[in-house]
Amino acid sequence: MLKTWYFVLLCWLSLQLEANPGLKVRITQKGLDYGMRQSEVKLMTKNFPSYPHCRRIGMELVKQAVLKETFPSWSGQESLSVVKVNYVISRLRINAVDFPETSASFIPGTGICLSVARASATISADWRMNAWLLKGKGEITVSISGLFISIIFNVSRDSTGHLSTLLHNCQLSIGSVKVKLSGRSSWIYSFLSGYLEKPIHTKLDKNLCLNIKYKIQMMDAQLKKHKVLSQIDTFAQVDYSLLSSPAVFKSHINLDLKGTVYPVGNHTDPPFMPAPFALPNQGDSMIYLGVSNYFLKSASLAYYRAGAFNITISEELATTFSLNTSLLKYFVSETSLSQAAACPVLLNLMATLPPAVSLNADRCVLQITGSVEVFAALPNSTTQYIFTGNLTASTTANLTITKQKLIISLLLKRFQFSLLHSNLGFPEQKSVVENFLSYALRRVVIPVINDKLGKGFPLLNLAHTSLTGPAIKMNQGHLVISTDVHYQPVDREDEDLHSHS
């Protein structure tokens, strides 16, 4: 018996460890190169996004360590013959930086490599010296050239499903350091200039990689604070947590996300599992996003559980769309409504099952099963019951991408209705009742549903970034969105990574 339970436990664990994703994201070399180019533009324009993504996991590290880094003050002592000269270097700040050669590449099984070659920088600072019968102070300009930095950092998944980063390797070499001082005594400048080049060179060699490591740790801490549960609307949330560590290949990086939609406040997993699917072996676009049928089914179930598919066509809506008893009489000639004047027709629709979603090679189909009650709103503010029935509506879903959201728009294709009860005396007039309801669904109900769906499902969260030329390809059981991205810098002051939450 114990062996049986042990076997069942192993099987359960293997299923959990091999869970398939509901969403897949791929960043290609083209996307990584664009991120590098945008980081260079960002370096020159000093405009930075407020949310870290692949671009900030790129040259942002080098920018933080080289362009924005302010070095602590330090002091030292040098000998001039028998005279000991004490000096202090303070208020170091980087005024200019140039990265003529930069590259980014994927390191299979590890992470991302960022390289900067032949870089140069200009640093300014204040200096002060004190010796026997000799004092002086002024400004110092340090010119650095021939700077080479190569950074490799790991990307992985932490225990909470967040993306995690860790410095794997940092290599640094500096071609030359030139020092120029300004002040009153020219011979002091010549003396100090020669003696300061070496300690400054040593300081940079020692501290730059340490600073880069610190920045990666800061970024990792911020990534842990970002919510993997994203609010869609008042009805639903979507879980974007990583199921496993990113898979890094030579030409791209893949991220498997849980991709489950839940009703707000109820994170019970659906009673079905995602099926495996694969992204196409292509690299023409910067980003590929795979959306499984599981993601859409979980969204359908979440909205069903939240009551989002229960719709009431109010008197106001009925009046707006001219849905009234005269129209009902047009379809049902035997109607015996007591009111001669046309009255608004009210509909109460309730989904009795979660809408069934299926993705095929050429279309997305949504089948809605529910019940409907029809009333007439009388002039005396009361209602008159007309009929009740069950309905099944088959719709095709038109999918588009707008502002990083997947927008779904339904189009009614087929409709079936079974009359349960009626006060109008037309039990044999099923077809004409169907015609009336078909008209009501097309003209009123479907537009109301589309208005709700028009808010869209968030796909990516890239600050100040728009998708360029997104294309959707339907496949059996999943769809693939391929897109480039365009970054639009904001006109504001720089912000450090630790200032964002």
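Guide: A salt bridge is taken here as a side-chain nitrogen of Lys or Arg within 4 Å of a carboxyl oxygen of Asp or Glu. The model is predicted, so local features need pLDDT of at least 70 and side-chain atom pairs count only at pLDDT 80 or more, while totals for chains, interfaces and linings use all residues. Residues are numbered from 1 along each chain as its sequence is written, and side-chain values use heavy atoms, with hydrogens and water left out.

Across the whole structure, the search finds 7 salt bridges. One of them joins the side chains of D484 and K30, at 3.2 Å from N to O; this pair links distant parts of the chain, since D484 belongs to strand β23 (residues 478-487) and K30 to helix α2 (residues 29-45), 454 residues apart. Helices (H or I, at least four residues) and strands (E, at least two) are DSSP runs, numbered from the N terminus. K30 is partly exposed, at 34% relative accessibility, where buried means under 20% relative accessible area, exposed over 50%, and partly exposed in between (1.4 Å probe, protein chains only).

D256 forms a salt bridge with K24, with the closest N and O atoms 3.2 Å apart. Here too distant parts of the chain are linked, D256 lying in strand β12 (residues 252-257) and K24 in strand β1 (residues 23-28), 232 residues apart. D256 is partly exposed at 21%, whereas K24, at 14%, counts as buried.

Within helix α4 (residues 186-225), D220 and K224 lie 4 residues apart, about one turn of the helix, and their side chains meet in a salt bridge of 2.7 Å, N to O.
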